[in-house]
Amino acid sequence: QVHLAESGGGSVQAGGSLRLSCATSGYTYKPYSYSSNSIGWFRQAPGKEREGIASIYSDDGRTYYANSVKGRFAITQDSAKNTVYLQMNDLKPDDTAMYYCAAGLYVADPLNRADFTYWGQGIQVTVSS
């Protein structure tokens, strides 16, 4: 069973930075060559759909970003620490949301929440103007 736990959220002023961490257990970062295991970051603001914002394929480190965060956010992984990070820079009030990390074992669409099976509990990020 795969378990994920987010940390690093909080409140920050616009233009500031935060780094979220997703600690994983039971997740294999490189089970075999060309595997489609992936960790993704998603967020959900009140009254809005949960959207995929960044993901990383564990086997080769390919990354994908939503247009809304491209150039500001960066996803990285440290398989030795079983942790995936989301560095968030130049934060805007529109980035305010609950942030979730998720793991998928057969991810075809890296920003599609339907491809991710295991989810963390989420962590709040609030950006004030």
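Let's start with the sulfurs: Cys22 and Cys101 are joined by a disulfide, S to S 2.2 Å, where a disulfide is a pair of cysteine sulfur atoms within 2.5 Å. Cys22 sits in strand 3 (residues 18-25) and Cys101 in strand 9 (residues 97-104), so this link ties together parts that are 79 residues apart in sequence. The angle about the S-S bond is 70°, and the link of Cys22 and Cys101 is right-handed. Both Cys22 and Cys101 are buried, with buried meaning under 20% relative accessible area (1.4 Å probe, protein chains only).

A word on what you're looking at. This is a predicted model, in which local features need pLDDT of at least 70 and side-chain atom pairs count only at pLDDT 80 or more, while totals for chains, interfaces and linings use all residues. Residues are numbered from 1 along each chain as its sequence is written, and side-chain values use heavy atoms, leaving out hydrogens and water.

Now zoom out. The protein has 11 strands and zero helices; here strands are DSSP runs of E, at least two residues, and helices are runs of H or I, at least four, numbered from the N terminus. The radius of gyration, taken over C-alpha atoms, is 14 Å. That is close to the 14 Å the globule rule (2.2 Å times the number of residues to the power 0.38) gives for 129 residues, so the protein is as compact as a globular protein of that length. Its C-alpha trace spans about 45 × 25 × 25 Å along the principal axes. Of the 129 residues, 43% count as buried.

How values were computed: Buried means under 20% relative accessible area, exposed over 50%, partly exposed in between (1.4 Å probe, protein chains only).
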